[in-house]
2 protein chains.
Amino acid sequence: MHGLHLTADLRGCPAAAPLMTDPEALRLHCMQAVQAAGLNAVGELFHPFPSPGGVTGVVLLAESHLAVHTWPEIGGVTLDVYVCNLHGDNRLRAAGLLAALEAGFGATQVHHQRLDRGTPRVP
Amino acid sequence: MHGLHLTADLRGCPAAAPLMTDPEALRLHCMQAVQAAGLNAVGELFHPFPSPGGVTGVVLLAESHLAVHTWPEIGGVTLDVYVCNLHGDNRLRAAGLLAALEAGFGATQVHHQRLDRGTPRVP
C-alpha cells in the first residue's frame, strides 16, 4: 500500500469549457488520460450538480484512484491522483496522469501538493 | 473550492474483518459514517478485487468525496476524506467522518496527514 498521492488545485479555468459542466465530456477526458498513462480503470462514477453546474467524478484504478471536482462559478478545479506501488513503481505514471488531466482545463494558476502514503512493505 | 483533505493510512487491520473484503459491508460502513458526520452522499461505487480480495470504494459527497482502499494481505487500509467549504465550514465534519471510518478497522498503527486545498475566495 506504499504509494504516491498527487493533488492539483486549478484556478482560472474557462467556465464555458465542456469539461467544467458536462459529466460525459469529463468522463471521456479522464478515461483517455488513464489509458495514456498506462494505468488501469476498474470503475467510474460522475455526478453533475444543478446550477451552476459543477461535476464531481472518480475513476477507480487497479492502482488506486483519481478524483476531480469542478466549480465553474469560480473557474476552479481540484484533481487527485493516488497510485499505490504494490506491484511496481507507478510514480511516473501518476505524474503523467495528473499532467494529462490538467492539460484539458486551461488553468491560469495551479497549486500542486504531494503526499507519500502508507509504509513500504518489508521485503 | 477551499477545503480540507485528510488522509489516514492504517496498518495492523485484522484481515478477517468483513470491511476488508466485503464491498457491501464496506459500503454500509462508509454510508453510515457519512450520515453520522452530517455530510451528504450523492453517489457511491465499490469494487472488489480478486484474491486476496481487497476492496476499493468511493462515496461522492455534495461536499467533495471520501475514498477507501483495503489490502487484506498486509492488513492495510488507506482512507481519504476531502471536503470543500464553499457553503460552510465542514472541517469538523471531515474530522468526524475520518474518525468514524477509522473506528471500524481496528488498526494497530495509523498515519495521519492533511492538506489545505484550493484558495479561499475573495469575500
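Before the first stop, a word on helix axes: they are lines fitted to C-alpha atoms over the stretch in contact, and the angle between two of them runs from 0 to 180 degrees between N-to-C directions. Keep in mind, too, that this is a predicted model.

**Stop 1: two helices in chain A**

Select residues 23–37 of chain A, which form helix H2, together with residues 91–103, which form helix H3. How do their axes cross? The two axes come within 9 Å and cross at roughly 150°. Angles over 145 degrees count as roughly antiparallel, and H2(A) and H3(A) are therefore roughly antiparallel to each other. The crossing in which H2(A) passes H3(A) is right-handed.

Now show side chains where the helices meet. On the H2(A) side, pick Cys30(A), Ala33(A), Val34(A), Ala36(A) and Ala37(A). Facing them from H3(A) are Arg93(A), Gly96(A), Leu97(A), Ala100(A) and Leu101(A). Sorted by class, this contact has 8 nonpolar, 1 polar and 1 charged residues.

**Stop 2: the helix pair in chain B**

Move to chain B and select helix H2 (residues 23–37) and helix H3 (residues 91–103). Their axes come within 9 Å, with a crossing angle of roughly 150°, and H2(B) and H3(B) are therefore roughly antiparallel to each other. The handedness here is right-handed. Which residues meet? From H2(B) come Cys30(B), Ala33(B), Val34(B), Ala36(B) and Ala37(B), and from H3(B) come Arg93(B), Gly96(B), Leu97(B), Ala100(B) and Leu101(B). The class count for the contact of H2(B) with H3(B) is 8 nonpolar, 1 polar and 1 charged.

**Stop 3: the axis between the chains**

Zoom out until both chains are in view.

**Stop 4: where the chains meet**

Stay with both chains and select the residues in contact across them. Chain A gives 26 residues to the contact and chain B gives 26 residues. On the chain A side, the strands that each supply at least two residues are E1 (3–11), E2 (41–48), E3 (55–61), E4 (64–71), E5 (76–84) and E6 (109–117). E4(A) provides the largest share of that side, 5 residues. By class, the side of chain A that touches chain B has 9 nonpolar, 13 polar and 4 charged residues.

**Stop 5: Ser64 in both chains**

Select Ser64(A), in strand E4 of chain A. Is Ser64(A) buried or exposed? With 26 C-beta neighbours inside 10 Å, Ser64(A) counts as buried. Check its backbone as well: phi is positive, about 135°, although Ser64(A) is not a glycine. Most residues other than glycine have a negative phi.

Then jump to Ser64(B), in strand E4 (residues 64–71) of chain B. Phi of Ser64(B) is near 135°, again a positive value in a residue other than glycine. Ser64(B) is buried, with 26 other C-beta atoms within 10 Å.

**Stop 6: the cis peptide bonds**

Next, select Ser51(A) and Pro52(A), which are joined by a cis peptide bond with omega about 15°. Pro52(A) sits in the loop between E2 and E3 of chain A. In chain B, the bond from Ser51(B) to Pro52(B) is cis, with omega near 10°. Look for Pro52(B) in the loop between strand E2 (41–48) and strand E3 (55–61) of chain B. Most peptide bonds are trans.

**Stop 7: Leu4 in chain A**

For the last stop, select Leu4(A), in strand E1 of chain A. What does Leu4(A) touch, leaving aside residues up to four places away in sequence? Its contacts are Val83(A), Arg91(A), Ala94(A), Arg114(A), Asp116(A) and Arg117(A). Leu4(A) counts as buried, with 22 C-beta neighbours inside 10 Å. To finish, draw a distance from the C-alpha of Leu4(A) to that of Glu73(A), 69 residues apart along the chain: the separation is 30 Å.

Note on methods
Residues are numbered from 1 along each chain as its sequence is written. Chains are lettered from A and ligands numbered from 1 in the order in which they are written. This is a predicted model: local features need pLDDT of at least 70, side-chain atom pairs count only at pLDDT 80 or more; totals for chains, interfaces and linings use all residues. Two residues are in contact if their C-beta atoms, placed from the backbone, lie within 7 Å. Helices (H or I, at least four residues) and strands (E, at least two) are DSSP runs, numbered from the N terminus. Ala, Val, Leu, Ile, Met, Phe, Trp, Tyr, Cys and Pro count as nonpolar, Asp, Glu, Lys and Arg as charged, and the others, Gly among them, as polar. Angles under 35 degrees count as roughly parallel, over 145 as roughly antiparallel, 65 to 115 as roughly perpendicular and the rest as oblique. A crossing is left-handed if the near helix is turned anticlockwise from the far one by less than a right angle, and right-handed if clockwise. A residue is buried if 20 or more other C-beta atoms lie within 10 Å of its own, exposed if 12 or fewer, and partly exposed in between; C-beta atoms are placed from the backbone.
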